[in-house]
Structure formats: structure tokens, C-alpha cells
Amino acid sequence: MPLILIADETRDLADVYGYLFASAGYRVARAYDGLTAAALMAVTKPDVAIMSHELPGLTALGLLRELRAAGARTKVILTSCLDDFAALAERARSEGAAFCVRQPCPAERLLRMASSALERPGDF
């Protein structure tokens, strides 16, 4: 089963998403800050990373840049509640994010996005 990394500074939200993906049959890793997420990505090489842009220590956009610089093929779904979401989403997509979604986001929508990202093997 594919491995999904959920990285969100809101622990309860990361845990809820983690349980949802685990109950859907995915393997799940969780991080609550950007530096832990970076370490987990280096070790576990997740198939999909769902990351809040507002992670402390290292933002999701910073993580995305590090992934691409390292040649990682992890599909990234970036989440954010920033007021200027459109500009962030444009930057993230230009740097290889599969999807960008404004928080709050229904968990079922994230499940569909992850499934869709996994179906695109040639894309980031």
C-alpha cells in the first residue's frame, strides 16, 4: 500500500487525517513541524505528502523545493488557510505540487486528491 505523509502543525487535524487514510488502507506517517517532515521524507520516501504550508521550522513550499532539488518523486498536496491562497497555489504548482487546497478541507476531498495523484505516475 502507498505511504502517505501527513504534515500539519495542528496535531488534532493531522491525527484525524492520519486515521482516515489508515482506515482507507494507506500506510501513514505524521509530522507536526517542517523539520520532522523533512527527516521523515528522507527516510520513508512517501508516495504522497499532504503538507500544511504553515508548518513551523520549514514551510511546505520549502519542503517541496527540497524534495524537487533531491529528485524525489513524492506527490505533494499543499494545504493552507492563507488569505493570499491563489498566489501560494500558483507558486506551489509551478514548483511541482500535484494539488493545492484551501483549509479547512473535507477529509474525503483529500482522499480523492491523494488517489488522483497516485494515478499519475509520471508527474510529481
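Biologist: Which residues are buried in helix α2 (residues 34-44)?
Modeller: Gly34, Ala37, Ala38 and Met41. Seen down the axis of α2, these buried residues fall within an arc of 100°, so they line one face of the helix. The arc is taken from the directions that run from the helix axis to the C-beta atoms. Buried means under 20% relative accessible area, exposed over 50%, and partly exposed in between, with a 1.4 Å probe and protein chains only.

Biologist: What kind of model is this?
Modeller: This is a predicted model, in which local features need pLDDT of at least 70 and side-chain atom pairs count only at pLDDT 80 or more, while totals for chains, interfaces and linings use all residues. Residues are numbered from 1 along each chain as its sequence is written, and side-chain values use heavy atoms, with hydrogens and water left out. Helices (H or I, at least four residues) and strands (E, at least two) are DSSP runs, numbered from the N terminus.

Biologist: Back to α2. Which residues are exposed on the other side?
Modeller: Leu35 and Val43.

Biologist: And what do the buried residues of α2 pack against?
Modeller: They pack against β1, β2 (27-31), β3 and α3, where contact means heavy atoms within 4.5 Å.

Biologist: What caps the N-terminal end of α2?
Modeller: Aspartate 33, with a side-chain oxygen 3.0 Å from the backbone nitrogen of leucine 35.

Biologist: Where is the cis peptide bond?
Modeller: From glutamine 103 to proline 104, with omega near 0°. Proline 104 is in the loop between β5 and α5.

Biologist: Now the strands. How many residues of β3 (residues 48-52) are buried?
Modeller: Five of its five. Val48, Ile50 and Ser52 are on one side, Ala49 and Met51 on the other, and both faces are covered.

Biologist: In which sense does β3 pair with β4?
Modeller: Parallel, over five bridges; isoleucine 50 stands opposite isoleucine 77 in β4. Two strands pair if DSSP finds at least two bridges between them.

Biologist: Which residues of α5 are buried?
Modeller: Ala107, Leu110, Leu111, Met113, Ala114 and Ala117. Down the axis of α5 they fall within an arc of 165°, so they line one face of the helix. They pack against β1, α1 (11-23), β3, β4 and β5 (99-102).

Key:
Polar contact = N/O pair within 3.5 Å; in protein donor to acceptor, adjacent residues only side chain to side chain.
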